[in-house]
Amino acid sequence: MSGLRTVLACCCALVVGAGVGVTTAAFAPAIMSGDDQQPDVARVAGLPNRPPTPQASPGSDATELHLEPNTPLAVDAGGDLLLVQPPRTTTDQASRLLRVDKRGKVWTTPIRFPDGMSVDQLIALPHALLFLADGSLYRIERSGGQPHRLLTPDQLGITDLAVSADTVYLLAGDDHRVYAVARDELGSRRLAKRDLRPYAGSSRPGFAGDGRAARKARFDAPTAIAATPDNTVYVADTGNHRIRKIDADGAVSTVAGGSVDPGCTAADAVGSYVGPIAHLTVRRDGSLLFTERSSQERMGIGDAQARLRELGPDGQLAELDLGFPAAGRVTAGPAGATYVTRAGTGEIYRLAGGVRGQPASGECRPLVRTNQVTSIALVSKEPASQLAALASGDIAYVPLPAGQQQPTAFADVDTVHLLDRKRPVFRAEPGARVVGIAPAGNQLLVWCDYRGDANGTVLYRVRRNGTAKPLVTGSATEADAKGLPLRGEGVTAAGFDPATDQTVVASGGATFELLDGELVELPWQGSYRRLAPGQDGRWLAHGSDGVVRFGAGGATEPVLPAQSNPPAPPSEVVPALTGDPGQQPDIWVTGFAVAADGAVYAAPRWDLSGLLLRVGAEGGTELVAGDGTAGPVRKTTTATDSIGRAVDVATRGNRVFLAGGAGIVRITLPEDADA
C-alpha cells in the first residue's frame with residue numbers, strides 16, 4: 001500500500017452516480033439548493049473543448065478560457081478564483097497564474113512560473129501563494145518575482161497540503177504522516193527539518209489512534225487533507241477506507257467510512273463505504289466535499305465510476321450528481337461557494353453554498369462471518385514478503401530489509417529464515433538475492449538471481465539444517481557445479497508435490513519437470529511466479545491471468561481470474577464474494593496457497609488488501625477474515641478484526657499463515673473450515 005500518492009493528474013471522462021455511462025443531456029442533477037429549488041451549479045471558467053494553443057485576453061469572459069483538464073485552482077480571501085493557465089505555445093513553456101473576479105472576468109497576474117514547472121496544487125495566502133510543483137513546496141509573492149523553494153522531495157515527500165489561520169499542514173502520503181509548520185515560518189528561506197513538526201501519524205502504516213492523541217494515530221496511504229481556520233484537520237485515510245478528523249486539541253476520530261463493501265452506502269457515514277479520495281475540501285458550514293475514485297489503481301486514469309460526495313455537518317453521507325462527468329478537483333471559498341473541475345475538460349463549475357446532495361442509501365451487509373476463525377495471532381513482528389509451510393511444521397520466510405515496512409517484488413534480500421530460529425537457514429552467494437521459496441516436504445526450494453543476471457539464477461533444495469543442494473542453473477551453456485542448465489533464463493517459480501515426489505520449475509514462459517536429473521518441458525505455457533500442487537495431481541499457478549489450475553494437455557481453468565487491467569473496482573468484485581460456485585470474481589491477488597482439503601487461500605491486493613479470500617474445492621469465493629485495514633494485528637477470536645496487509649500465504653492443517661508489513665500472522669480455522 002505504500003507508494004500510493006495523491007494523483008492530481010486528470011482522470012478522463014468520468015461519470016458521477018451509479019457508475020453507468022450516460023450523456024450529459026440524460027442527466028437529471030440530484031442536487032438541491034437549501035430551498036429545494038433549481039440546482040445552483042454554473043460554469044464559471046473553461047470550455048468543453050480545449051484547442052492546442054490556449055490563450056487569455058484580460059477582461060474577457062472566463063467561460064471563454066481554454067484550460068487544461070484538472071487545472072490547479074484556489075480561492076483567495078476576497079473570493080476571487082485563482083487558477084493556473086498552461087504554457088501558451090511550444091516555445092513558451094511557462095505556466096501563468098490567472099484571476100477570475102466575481103463578475104466572471106479573467107485577469108492576468110504578475111505571477112509567471114518557471115519554464116517547464118508543473119504546478120500540482122495551489123493554496124492562497126493573503127499576500128502570497130503556496131504551491132506544490134514536481135514534488136517540492138514553493139512560496140511566491142502575489143506581486144510576482146521568483147518562487148522560493150521551501151522543501152524538496154528529499155526532505156519530505158509532500159502529496160497534499162492545507163492551511164488554517166496560523167498553520168500549514170503537509171501530508172506525506174508515502175510516510176503516512178501529517179506535518180505542521182507555522183505560517184509565519186514560510187518566508188523565503190529553505191525550511192529545515194527542525195521547522196517541521198510531526199503532527200499526526202506514524203511512519204509505519206496501520207489503523208489506530210481513534211480517541212487518542214494525533215501523534216499516536218496511524219494512517220495507511222493517506223491521499224488528501226483539508227483544514228478549517230480553527231485547526232480542525234481532515235485526512236483521507238484511503239488505505240483504511242476512512243476519513244479521519246483531528247480536532248483542534250489533537251484528538252483523532254473517524255467521521256466516515258469503515259466498510260469494504262461499496263454497496264454499503266447508508267446515510268450514517270461511520271460504518272459506510274468510503275472509496276479512494278483524490279481531493280477533499282471543507283465548506284464554510286462545516287460539511288466536506290470529496291472526489292472519490294472507484295479503486296486505488298484508477299486514481300490517475302479514466303474512471304467511469306468516480307463520484308462527488310458530501311459529508312454533512314450532521315454526519316450523513318450524500319452524493320452530488322452535477323449533470324456532467326465526475327469532478328476532478330474540488331476547493332471551497334470563504335464565502336461559501338465551492339469550485340469543481342470537470343474531469344476530462346478544462347471547465348470549472350461553481351456550486352452555491354446551499355447546494356446539497358441526495359442522501360445515500362444502500363444495504364450494509366457483513367462480508368466476513370464472525371465464526372469463520374478460531375483465533376488470529378501475530379507470531380512474528382518481523383516484516384516478511386514470502387512464506388513456505390514445511391511438512392515438519394516449520395514456517396520458512398523471506399524477511400524484508402531493515403527499515404522497510406512494505407514488501408516489494410525485488411527486495412535485495414539474501415537470506416531465508418525459519419520461524420523461531422535466530423540464524424538464517426539459507427544465505428545466497430555473494431551478489432545474489434533470494435527471488436522465491438516453496439515447501440518441498442520437510443525441505444525447502446529456494447531460487448535466487450544475481451541482480452537480474454539470468455546466468456546466475458539457481459534453484460536449491462535446502463535442508464532444515466542449512467545444507468543446500470544446487471538443482472538448476474540459468475546458464476545457457478553446459479551444466480556446471482550449480483546443476484542443470486536452463487536455457488539462459490531465470491527461475492520465476494518452483495514447486496514440489498510430496499504425493500508424487502514431483503518438482504516443477506517455471507522459466508522463460510515455459511514450465512519444466514525435474515525428472516531423473518533432466519529438465520522435461522511440460523505443456524503449461526505462461527509466465528508464472530508461484531506454483532503449487534493441488535488435489536489429484538493437478539497443479540495451480542499464479543501469473544498475469546491470476547490463479548489457474550492446469551488440466552490435461554496444458555489447458556487451464558480459472559480459479560481466481562485477473563482479467564481486467566487495471567483491476568476491476570471493488571464495486572464489481574465484492575458482489576461475487578458470496579461463496580456461490582456459480583460466481584467467479586475478477587480479482588488480483590498477491591499470493592495464494594492450497595490447503596489439504598483443496599481449498600485455495602489468497603491475499604487480494606489494493607482495495608481489498610487486509611482481507612483473506614477462500615475458494616472452495618468445488619468453487620465459490622468468499623472472504624474468511626480481516627477488516628481491510630493495515631493493522632495492527634492483535635490476538636483475537638473474531639474474524640472481522642485486523643489481519644494486516646498480506647502479500648503471501650501459506651497453509652498447514654487448519655492454519656493459514658500470512659506474510660506482510662505487519663509481520664507473520666497465524667489464522668487458525670475451525671476443524672471444519674466451512675463452519
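**Labels and their grounds**

Guide: In this predicted model, threonine 331 lies in strand E23, which spans residues 327–332.

Visitor: Why is threonine 331 counted as buried?
Guide: Its relative accessibility is 16%, and the term buried applies to values under 20%, so threonine 331 counts as buried.

Visitor: Which residues does threonine 331 touch, not counting those up to four places away in sequence?
Guide: With that exclusion, threonine 331 touches Leu73, Val75, Thr281, Thr338 and Tyr339, where a contact requires heavy atoms within 4.5 Å.

Visitor: Which residues lie closest to the centre of the second largest pocket?
Guide: That pocket holds about 880 Å³ of space, and of the 36 residues lining it, Val75, Val163, Ala227, Thr331 and Ala332 are the closest to its centre. Strands E2 (73–75), E6 (119–124), E10 (160–163), E14 (224–227), E19 (277–282) and E23 each supply at least two residues of the lining, which by class has 22 nonpolar, seven polar and seven charged residues.

Visitor: What makes leucine 317 buried?
Guide: Leucine 317, found in strand E22 (residues 317–320), has a relative accessible area of 0%; since buried means under 20%, leucine 317 is buried.

Visitor: Which residues is leucine 317 in contact with, leaving aside its neighbours within four places in sequence?
Guide: Its contacts include Ala266, Ala267, Tyr273, Phe290, Arg309, Leu311 and Pro359. As for alanine 256, which is 61 residues apart from leucine 317 along the chain, the two C-alpha atoms are separated by 8.1 Å.

Visitor: What makes a set of residues a nonpolar core, and which residues touch the most other members in the largest one?
Guide: The members must be buried residues of the listed nonpolar kinds, joined through side-chain atoms within 4.5 Å. In the largest nonpolar core, which has 44 residues, Leu560, Tyr601, Leu658 and Ile667 touch the most other members. The elements that give two or more residues to this core include strand E43 (556–561), strand E45 (600–604), strand E49 (655–660) and strand E50 (663–668). A second, separate core of 20 residues includes Ala396, Phe426, Tyr450 and Val462.

Visitor: How many cavities of 30 Å³ or more does a search of the whole structure find, and what makes a space a cavity?
Guide: The search finds two, and a space is called a cavity because a 1.4 Å probe fits there but cannot get out. The largest cavity has a volume of about 120 Å³, and among its 15 lining residues Pro567, Ala568, Ile587, Arg605 and Asp607 lie nearest its centre. The second largest cavity, of about 30 Å³, is lined by residues including Leu390, Asn442, Val462 and Arg464.

Visitor: What are the classes of the residues lining each cavity?
Guide: The lining of the largest cavity has 10 nonpolar, one polar and four charged residues, while that of the second largest cavity divides into five nonpolar, two polar and two charged.

Visitor: How many helices and strands are there in the protein, and what share of its residues counts as buried?
Guide: There are one helix and 50 strands, and 58% of the 675 residues count as buried, that is, have under 20% relative accessible area. Among contacts between residues at least 6 apart in sequence, 49% join residues at least 24 apart. The accessible surface comes to about 26400 Å², of which 47% belongs to carbon and sulfur atoms.

Conventions
Residues are numbered from 1 along each chain as its sequence is written. This is a predicted model: local features need pLDDT of at least 70, side-chain atom pairs count only at pLDDT 80 or more; totals for chains, interfaces and linings use all residues. Side-chain values use heavy atoms; hydrogens and water are left out. Helices (H or I, at least four residues) and strands (E, at least two) are DSSP runs, numbered from the N terminus. Buried means under 20% relative accessible area, exposed over 50%, partly exposed in between (1.4 Å probe, protein chains only). On a 1 Å grid over the protein atoms alone, a cavity is a set of points where a 1.4 Å probe fits but cannot get out, and a pocket is an open set with protein on both sides within 12 Å along at least five of seven lines; lining residues have an atom within 4 Å of a point. Grid points are joined across faces, edges and corners, and a volume is the space filled by probe spheres set on the points. Ala, Val, Leu, Ile, Met, Phe, Trp, Tyr, Cys and Pro count as nonpolar, Asp, Glu, Lys and Arg as charged, and the others, Gly among them, as polar. Accessible areas come from the Shrake-Rupley method with a 1.4 Å probe; for residues, only the protein chains shown count as cover.
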